[in-house]
Each structure stands twice: as C-alpha cells, then as structure tokens.
Amino acid sequence: MTHRLALVTGGIGGIGTAACRRLARDGFKVIASDLPASEDRLRIFMDEMNWLDVGFEPADVSNMDSCVGLVERIQSKHGTISVLVNGAGITRDVSLRKMSLDQWQQVMQVNLDSVFNLSRLVVEGMCAQGHGRIVNLSSIIGQTGAFGQSNYAAAKAGMHGFTMALAREVAAKGVTVNSISPGYIDTAMTAAIPAELRTQMVSSIPVGRIGLPEDVANAISFLCSEQCGYLTGINLPVNGGLFMSF
Ligand code: NAD
C-alpha cells in the first residue's frame, strides 16, 4: 500500500491514543511521538494498541533539532511520512495580568511552533510524492477565547491561519492541510477542571455529553482519508454543538 505512513504527535495523550488506534485500523502504519515517557505509561499505551501497527518515537515538538531527529529516524526506517497529525498541546492557564513570559512562550512553543517545525520537515516529501494530509489539532478556545487562556487561545487561533496559508501553498501537489477544533473532550487535559464547573459545561453542550477522544479520532480519520482530497484549508469543529458558526 502506498501513502500509508502516519505520524501523530502527542500520540500517547488522550486524543493522540484514539487517533493512533483509529489510523492504524484504517490501514496506516502509525508512529506515535510524544515526550519521553515512563516505561509504565508506554506499556499502557502499547497494550491499548494491541496487535495494531503502531510504534513509538520520543521527541520534544517544541524543539526544532528534536523534530529533525524524529523525522530522520522515521523516514530512514519507514519512508516518506504521508500523514501528519499535530496533536501535542499544553495549557498554562492564568489571566493575562498574572501571566509570566515563560507561561506565554511555553504554550506558543508547544502548540504553535511545533506545527511549523513538523510541517516544515514533512511537507517537501509529501509534495514530492504528490499526496499528503496534515491535520492540526486546534481548539474551540481558538474560536471563542476563554478566561485565563489568552496564551492557549492565541496559539490555537494561530493554527487556523497557518492551516489556510499552507493549504493554499500545497493544494496543487495533492497535499491537504486542515484543522480540527475540539470542544470539551474527556482527557487528562480536561480532567483538571473542577467537578462543579465540568457539570455546568456539560449542561451547555447541545449533544448533552462531554466529547470522547474517539469523536475527534473519527474526524481525523475522515480528513486523512484518500477521499478527502477536495477538502482543504478548513476548520472542522468537533464540539457537540457547543459553538456553532458558518
Ligand atoms: P493530553 O494532555 O491527553 O495529550 C497531549 C499530549 O501532548 C501528552 O501526551 C503530552 O505528553 C504531549 N506533549 C506535551 N508537550 C509536548 C512536547 N513538548 N513534545 C511532544 N509532546 C508533548 O491532551 P488531549 O486532550 O489529548 O489534547 C490533544 C490535543 O487536542 C492538544 O493539542 C489539545 O490542545 C487539543 N484539544 C484538547 C481538548 C480537550 O478538551 N481535551 C479540546 C480542544 C483541543
């Protein structure tokens, strides 16, 4: 099978794990990349992947040298990366009046610089083979903003601009670039939200429940499929109707 090598960053996180499982079931060879993880965390991840064709390569996506090493290791072993899911992300929530430069920069580097780093490194190979899919995991917060998240909202909104610009640059080469904006998804990232606030949030979701990592993985699978070649530069909200726009 051609064009079937997928790299998922944040690959052993909540949404990343579901994305790896789903893309592997779709027939991709999948490399999950994440920060170096403890043996226990890796074992749990590999157990969840079961018999699927999923490997792990550590890297810090906020660091260009680390990304260069990652892409070189993968491509020398497995060939051209045809699908890139930029899923690594962090929050450092605090109101702007109290935000340190470090809290701003960490969020920008992990959520947004990483998208430049990896897209820059894989897009040439995708163009050369005449096929590629880049999916950027943005957020509903990039569309609406949220108290205490000016750093995260800026990074996630920035991803949309990047997505549309790169989509235009590589569309004629068979490469699509899209973003997904999840709403509230049940992962470690949202587990920290106090129970009362969580209940309040869920009650405002029209679908009536918090999202599952698999809800996002379904959208990733769709955008990475061969049939999605005419869909580029879009932002696909996966939010249970929490924020509707056109
Ligand atoms: P998660 O915390 O479960 O997973 C994020 C993963 O990114 C973790 O495994 C973490 O180790 C990894 N990571 C952090 N810094 C990294 C770095 N420097 N280099 C490499 N990997 C790094 O969170 P999640 O909920 O699965 O989020 C996945 C993506 O979806 C993120 O980009 C997040 O911003 C976005 N998102 C999540 C939600 C939600 O409600 N959970 C909503 C909207 C958007």
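**Helices H1 and H2.** I began with how H1 and H2 cross in this predicted model, and I noted that their crossing is right-handed. H1 covers residues 14-25 and H2 covers residues 39-49, and I found that their axes come within 10 Å and cross at roughly 35 degrees. I then looked up which residues touch, and saw that Thr 17, Cys 20 and Arg 21 in H1 meet Phe 45, Glu 48 and Met 49 in H2. I recorded that the residues of this contact divide into three nonpolar, one polar and two charged.

**Helices H4 and H6.** I turned next to H4, residues 101-129, and H6, residues 150-170, which pack at an angle of about 15 degrees with their axes 9 Å apart. Angles under 35 degrees count as roughly parallel, and H4 and H6 are therefore roughly parallel to each other. I also noted that H4 passes H6 in a right-handed crossing. In the list of contacts I found, among others, Trp 104, Met 108 and Phe 116 on the H4 side, and Tyr 152, Met 159 and Phe 162 on the H6 side. The residues of this contact divide into 15 nonpolar, six polar and one charged.

**The ligand.** I looked up what lies around the ligand and found 28 residues surrounding it, the closest being Ile 15, Asp 34, Tyr 152, Ile 185 and Thr 187. For Asp 34, I noted that a polar side-chain atom lies 2.6 Å from an oxygen atom of the ligand. For Ile 15, a backbone N or O atom lies 2.8 Å from an oxygen atom of the ligand, while for Gly 14 a backbone N or O atom lies 2.9 Å from a ligand oxygen atom.

Conventions. Residues are numbered from 1 along each chain as its sequence is written. This is a predicted model: local features need pLDDT of at least 70, side-chain atom pairs count only at pLDDT 80 or more; totals for chains, interfaces and linings use all residues. Side-chain values use heavy atoms; hydrogens and water are left out. Axes are lines fitted to C-alpha atoms, for helices over the stretch in contact, and angles run from 0 to 180 degrees between N-to-C directions. Helices (H or I, at least four residues) and strands (E, at least two) are DSSP runs, numbered from the N terminus. Angles under 35 degrees count as roughly parallel, over 145 as roughly antiparallel, 65 to 115 as roughly perpendicular and the rest as oblique. A crossing is left-handed if the near helix is turned anticlockwise from the far one by less than a right angle, and right-handed if clockwise. Contact means heavy atoms within 4.5 Å. Ala, Val, Leu, Ile, Met, Phe, Trp, Tyr, Cys and Pro count as nonpolar, Asp, Glu, Lys and Arg as charged, and the others, Gly among them, as polar. A residue is near a molecule or strand if one of its heavy atoms lies within 4 Å of it. A polar contact is a pair of N or O atoms within 3.5 Å; within protein, one must be able to donate a hydrogen and the other to accept it, and residues adjacent in sequence count only if both atoms are side-chain atoms.
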